[in-house]
Every structure is written in structure tokens, then in C-alpha cells.
Amino acid sequence: MVLEVPDLRIVSLLPSATEIVCALGLTNALVGISHDCDYPPAVSGKPMLSQAIITGDLSSGEVDRRIREQLHQGLSVYHLDQVQLAQLVPTLILTQELCEVCAPSFSLVKAVARIAASDSRIVSLEPHGLDDILETIRLVGDLTGAAEHSLALVATLRAHIERVRGAVAGRLRPTVICLEWLDPLFVAGHWVPEMVDLAGGSDVLGRPRAHSYTIDWPAVLEADPDVLVLMPCGFDLRRTRDEASGLMDRTGWRELRAVRSGRVYVTNGTAYFNRPGPRIVDGLEILGAILHPEAVSWALPENGFESL
């Protein structure tokens, strides 16, 4: 599906927004992206307007330390190319305020656009739960002249959500912990606890629609979940598997109920859990397969998860 909307020039500085724009058939209208926008493959080669200050294949702990240093000094962890932004003359810029380390912030984008003398419309996307994500898709459709397509996409995604809900209804609900970062430990928040609930589990530490938060290892040992799901922000399946080795060295690891029963899972968090876009529903289907494999009747994405 390809939509042609005259005079529409979109810059997306948020990977989930890029995925939404492309899912609505507006890839051709996308004139600039962030360095983190890596899906769908059709965006490869689009001008990149952001650059992370922190680069390289660093460990979770080192990434966290460097980010905290930047923020402590009042600095952004991103650099935006104001010259290229001005040259692209976008009519719409999509960004966020939800997380200061996930993408360029709304305030940074406004400042750069002002310096670049751009009168683009700047829209901040701020979903906190699943319904918010679907509403964001509808909003982007309204902003881009793709309202009809956005409503159709939302209807399809809702049908997938209801399929998972129906498949796990009435089944025993295992206790679950979802970790969004591994050093320090972060419990996944926002939409993830809701996803666990819809997939037939009981998230014992997650706070629905609230920010992810740090915990210490004894809190994990005390909660002793039936299932432990690792979904570090920005990490694919391979990177998550590599980072999990640090958890496995912790005191008490082998005594965890999830470890003893073989119910620890690594996931492709960056694709299916961290980004509030259309593929979040694939993440829900993955959770359904993790928590209730006997109930699964749907195809699962390749390289979405595996047992640790």
C-alpha cells in the first residue's frame, strides 16, 4: 500500500513513529529519520537527522553510566543536524517527550527547528498504554491525510489483541517479571504490564501506564516469579542473550522458580516491546506464546524470543 499525499514531507525522530508512517503507506513522504529508525527496511537510505552521543557495543552498565553523566551535566544524549533539517523543509516533525534517552526530546526538536528557521508542525507522541498506542496511530493518520488507512490498521490490531485475550481466558495466570534493562535492573512499565495481563499473566512488579523503574536484585529474588522475561530497551535477541550472562552470575539465580522450571526468556525488545508502534501487538502475541504456549494458534515472528 502506497499513499501519495501532495506537499506532505515528514521527518520522524522516533522509531515507532517511523513504523507507523510506513504502515500507513506513507514511506515516500518520509524525508528524514533518526539514527535509530531501522524498520521497515524501506527506510534504509533515508537522511538521518540525529546522532547518539553514546555509541558502540557497550555493556548495559556502561551505557547507563554514560547516559547518567550526560544528563547530570544537563546535556542531551542526542545531536540533531539543524542544517539538514532546514534543507529538507519538512511539513511535519514527529518526536516524543516520554523518555529523554529513547529519542530526541520535544524541547530539543523545537529549539533546533527554531534555529533552522523551520515552521514545521512539531507533534509529540506520548502513549502510555496499549489504547494510547492505537490512538497514536489514528492521530498520525489524521495528521497525514491517511485517516481511513489508520482506522483500518487499528481495527486489525484490535482484532489481534482480542484473539490473544480470548485464547488465554480462564487459564491459570503465572506470575511474571519483565526486565527492561539489566544493569541496573529496570522493571518494564508503560504498556508492558497491560500486555502481560492480556497475555494471561500476572505482572508482580510492573506498574501499568507508569515509567519503568529501577529495583535491586533481592527484590527479584523475593518476588520469585514463575516466568522471567528479558526485554532490554534497544537490544535485539542476540544482544539480549549476551547481556543475560550478567544476570546468570548473580547470587540466587539458580534458585529462582523461573530458572528451575526453564521459564526464563530473552526477547527482541527493540522490535516487539520497547517501541510503541504497530509491532507492539506482535509483542503481545509473543507474550501469549511464552505464558500459554498451548493456546497459541497464530504465527509468531522469527527471532522474536527464545528460552534462555
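Trainee: Where does Cys22 lie?

Mentor: Cys22 sits in helix 1, which covers residues 15–23. Keep in mind that we're looking at a predicted model.

Trainee: Is Cys22 buried or exposed?

Mentor: The idea here is to look at relative accessible area, where anything under 20% is called buried. Cys22 has 11% relative accessibility, so it counts as buried.

Trainee: Which residues is Cys22 in contact with, leaving aside its neighbours within four places in sequence?

Mentor: Once those neighbours are set aside, Cys22 touches Thr27, Leu30, Pro40 and Val43. Take Val43: it is 21 residues from Cys22 along the chain, and the two C-alpha atoms are separated by 8.5 Å.

Trainee: Pro40 was on that list. What kind of peptide bond runs from Tyr39 to Pro40?

Mentor: General idea first: most peptide bonds are trans, and most residues other than glycine have a negative phi. Now the case here: the bond from Tyr39 to Pro40 is cis, and its omega is near 0°. Pro40 belongs to the loop between strand 2 (30–33) and strand 3 (50–52). You'll also find a cis bond from Asp183 to Pro184, with omega near 0°. Pro184 is in the loop that joins strand 7 (175–182) and strand 8 (185–187).

Trainee: And phi? Which residue other than glycine has a positive phi?

Mentor: Asn303 is one of them, with phi near 55°. It is in the loop between helix 12 and strand 13 (305–307), and with a relative accessible area of 54% Asn303 is exposed. Arg209, not a glycine either, has a positive phi of about 65°. Look for Arg209 in the loop between strand 9 (202–203) and strand 10 (213–215). Its relative accessibility is 48%, so Arg209 counts as partly exposed.

Trainee: Let's go to helices. How do I read the way helix 6 and helix 12 pack?

Mentor: Two packed helices are described by the angle between their axes and the distance between the axes. For helix 6 (residues 147–168) and helix 12 (residues 280–291), the angle is about 10° and the axes are 10 Å apart. Angles under 35 degrees count as roughly parallel, so that is the word for helix 6 and helix 12.

Trainee: Which residues meet there?

Mentor: From helix 6 you have Leu157, His160, Ile161, Arg163 and Val164, and from helix 12 Val281, Leu284 and Glu285. Sorted by class, this contact has five nonpolar, one polar and two charged residues.

Trainee: What about the nonpolar core: how many residues does the largest one have?

Mentor: Think of a core as buried nonpolar residues joined through their side chains. The largest one here has 56 residues. Among those with the most contacts inside it are Ile10, Leu24, Cys178 and Val229. Helix 12 turns up again, giving the most to this core with seven residues. There's also a second, separate core of 20 residues, including Ile177, Val220, Ala244 and Ala258.

Trainee: How many aromatic pairs does the structure hold?

Mentor: Three. To read a pair, check the ring centres and then the planes, with planes under 30 degrees apart counting as stacked. For Trp217 and Trp253, the centres are 6.4 Å apart and the planes are at 20°, so the pair is stacked. Trp217 is in helix 8 (residues 217–223), while Trp253 is in the loop between helix 9 (237–248) and helix 10 (257–260). They are 36 residues apart, so to speak distant parts of the chain that the pair links. Both Trp217 and Trp253 are buried.

Trainee: What other residues are far apart in sequence? How far apart are Pro127 and Gly277 in space?

Mentor: Their C-alpha atoms are 9.6 Å apart, although 150 residues separate Pro127 and Gly277 in sequence. Pro127 is in the loop between strand 6 (121–124) and helix 5 (130–144), and at 4% relative accessibility it counts as buried. Another case is His79 in strand 4 (residues 78–80). His79 and Gln51 are 28 residues apart in sequence, with 5.1 Å from C-alpha to C-alpha.

Trainee: And the whole chain: how many helices and strands does it have?

Mentor: Twelve helices and 13 strands. Of its 308 residues, 53% count as buried.

Technical notes:
Residues are numbered from 1 along each chain as its sequence is written. This is a predicted model: local features need pLDDT of at least 70, side-chain atom pairs count only at pLDDT 80 or more; totals for chains, interfaces and linings use all residues. Side-chain values use heavy atoms; hydrogens and water are left out. Axes are lines fitted to C-alpha atoms, for helices over the stretch in contact, and angles run from 0 to 180 degrees between N-to-C directions. Helices (H or I, at least four residues) and strands (E, at least two) are DSSP runs, numbered from the N terminus. Angles under 35 degrees count as roughly parallel, over 145 as roughly antiparallel, 65 to 115 as roughly perpendicular and the rest as oblique. Contact means heavy atoms within 4.5 Å. Ala, Val, Leu, Ile, Met, Phe, Trp, Tyr, Cys and Pro count as nonpolar, Asp, Glu, Lys and Arg as charged, and the others, Gly among them, as polar. A nonpolar core is a set of buried Ala, Val, Leu, Ile, Met, Phe, Trp, Tyr and Cys residues joined through side-chain atoms within 4.5 Å. Buried means under 20% relative accessible area, exposed over 50%, partly exposed in between (1.4 Å probe, protein chains only). Rings of Phe, Tyr and Trp (its six-membered ring) pair if their centres lie within 6.5 Å; planes under 30 degrees apart count as stacked, over 60 as edge-to-face and the rest as tilted.
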